Every structure is written in structure tokens, then in C-alpha cells.
Amino acid sequence: MEWFSVRMRAAAGGSHEQGGSHISGGERLVPVDAVESMVQSLVRRAMTHELGRPDFVNVTVEVVPAEAVRSLPALPISKREAESVEQGHAVAVEILGELGISREVAELAVCSIAEGPAPNGGAMRGAIVMDADTGQRLESDSARGVRVAKIDWHPEELQAWYEDVRSIGIASERIAEALALATKVTHTPGTVAELCWSDDPGYVSGYVASAELGYVRIPILKEWGSPLGGRVFFVRGISSVEDYEEALQAPVLLRR
Ligand code: PML
């Protein structure tokens, strides 16, 4: 069976390559009969995003042979409490500390996302790659960052996961996508942890993910209405960012 990678990028003020600002994106891996509806749903996401109407939308569809696809079990999900942005940031720093990342490096990562990590002070298209020991940013293009591609749930497994988590109120497409991405990132050799919160002005939650502690949700990491969000991948011992990004592009389907 073949799979198809469907990717969407939307920007305003020209394409990303021409310096347009990132508005939204999506990475899915679907069977052939779902390609058309997935293209439609990602274009709908781009055209109805809270940050406004894009003037550039790029959709790529690419075949992926079944034998190239690896299956991974989803990270376990837990939650820590926070009632304000400050508390949320402190909780994130604390969890990163449990994973061996110093307070200085963890705070630097939090500030990088909170202050707008792209050169124009906005959100990046991809993720920051940060040395887990020194805090140095390693990505070569600080507007683009590194991207994770070819990632999704196995369709039947996603339906079963929705059933499992419906009673705890987290059966959303956004959380399913974030969990898939975090699972792939934390299984990629060299990753120590991921810190993420959304750049959607209408969504303030985020998480710290790691192979050791799983996907730990934090209810508030930014103020309502803020378009500043993003991801930091903390790494240790990678040979190069290029090789690391290549590993993040290997096709993966998630199971429960
Ligand atoms: C995003 O929307 O860009 C990422 C979502 C992160 C948080 C998902 C969650 O609530 O667990």
C-alpha cells in the first residue's frame, strides 16, 4: 500500500521564500483515497486561520512507499497545572530541569519563543534546534528553522485514540497532530526534549515532550490573542543539523 505525504504552508505578504510571514501549516500522511479530502481540509485551514487570510498557499502531494513507513507508539499524555503565563513558563522550565536541561538553557528557550524567534520578531515556519547543554541555536536559517514532515496517525488508530481520550476532553485534531509530531521528534536520535506552544492567537496551551516523561501538557504558556508560539527541539550529540532534519523527515505513522 502506498501512502501520500500532503503538506501545506500558508503565508501573508508573499511566499515564505520571498519573506512572507508564516500563517499556518500542516503535515499529513494519508492513503490514496484520502488525498483529495486532505488537500481540501488543509486549504480550508489555511484560508480560515485566526491570523487572517493568506495570500500565498502552497500544497505539496508526494507518494511514500509503504516499506519506508515506520510505526511508532504515541507518547503517554499527562498534565501539569498552571493558572498564568508565568506559572506555565515556570512549569516548563521545571520539567526541562527534570530532563537534565539547566534553568538558563530552559529559560532561554522559553524567552526565544515568547519574544518571537524569527528575524522579523514573528513565529518561525519550523522549529528552533537548541543545544541542550549550551543553549546555542543551531538551525542555519532562523526564519525557516527545521521542519518535521511525513507524519500522521494510522487512520484506524486515530479513531481508537479519539475514543480513548474523549472522556478527558482532549480528542481534538490539534492535539492528535501535536502528539504525532512530538512522538516522532522525541524518537529521533539526538532529541532530549521538545518545548512547544501554539502560534494560534486563540490557543494558549502547549507541552514539553520527551521519551522519558512523555507528552506533558501545560494549560497556559502565552496570553490570549498573541500570535507568538513555536517549537524548540533540544538536542545533544547530533552530527549535523542537516542530518538531524533528514531524520525528522522519515515517514512515520502513529499507533496508540
Ligand atoms: C499548535 O497548535 O500549533 C500546537 C499545539 C500545541 C498544544 C497542543 C495541546 O493542547 O496539547
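1. Met8 has Gly26 of β2 as its bridge partner. The two strands involved, β1 (residues 3-12) and β2, run antiparallel and are joined by 10 bridges. Two strands are taken to pair if DSSP finds at least two bridges between them. Helices (H or I, at least four residues) and strands (E, at least two) are DSSP runs, numbered from the N terminus.

2. The model is a predicted one: local features need pLDDT of at least 70, side-chain atom pairs count only at pLDDT 80 or more, and totals for chains, interfaces and linings use all residues. Residues are numbered from 1 along each chain as its sequence is written, and side-chain values use heavy atoms, with hydrogens and water left out.

3. Which strands form the sheet that holds β1, and in what order? The order is β2-β1-β3, an open sheet of three strands with antiparallel pairing. β2 (21-31) and β3 (56-64) are its edge strands, and each of them pairs on one side only. On average, neighbouring strands in this sheet are turned by 10 degrees against each other, direction ignored. Axes here are lines fitted to C-alpha atoms, for helices over the stretch in contact, and angles run from 0 to 180 degrees between N-to-C directions.

4. Helix α1 (residues 35-47) lies across β1, β2 and β3. Its direction is at about 165 degrees to β2. Contact, in this note, means heavy atoms within 4.5 Å.

5. The protein is divided into domain 1 (3-68) and domain 2 (71-255); such bounds come from an automatic or database domain assignment. Their C-alpha centres lie 20 Å apart. Domain 1 gives 20 residues to the contact and domain 2 gives 22 residues.

6. A second open sheet has six strands, in the order β5-β10-β9-β8-β11-β6, with mixed pairing. Its edges are β5 (77-79) and β6 (128-131); each has a single partner strand, so one side of each is left without a neighbour in the sheet. Neighbouring strands are turned by 20 degrees against each other on average, direction ignored. Met130 has Phe234 in β11 as its bridge partner.

7. Strand β12 (residues 252-255) runs parallel to strand β4 (residues 70-73), and four bridges join them. Within this pair, Pro73 is bridged to Arg255. β12 is also joined by three bridges to strand β7 (residues 151-153), again running parallel. There, Val252 of β12 is the bridge partner of Ile151.

8. At what angle do helix α2 (residues 85-98) and helix α3 (residues 103-114) pack? The angle is about 140 degrees, and the axes are 9 Å apart. α2 and α3 are therefore oblique to each other; angles under 35 degrees count as roughly parallel, over 145 as roughly antiparallel, 65 to 115 as roughly perpendicular and the rest as oblique. The crossing is right-handed, a term used if the near helix is turned clockwise from the far one by less than a right angle, with anticlockwise giving left-handed. His89, Val93 and Leu96 of α2 make the contact with Arg103, Ala106, Glu107, Val110 and Ala114 of α3. By class, these are five nonpolar, one polar and two charged residues. Ala, Val, Leu, Ile, Met, Phe, Trp, Tyr, Cys and Pro count as nonpolar, Asp, Glu, Lys and Arg as charged, and the others, Gly among them, as polar.

9. Helix α4 (residues 155-165) and helix α5 (residues 173-187) have axes that come within 12 Å and cross at roughly 120 degrees. That makes α4 oblique to α5. Their crossing is right-handed. On the α4 side, Leu158, Trp161 and Tyr162 meet Glu173, Ile175, Ala176 and Leu179 of α5. This contact has six nonpolar residues, no polar ones and one charged residue.
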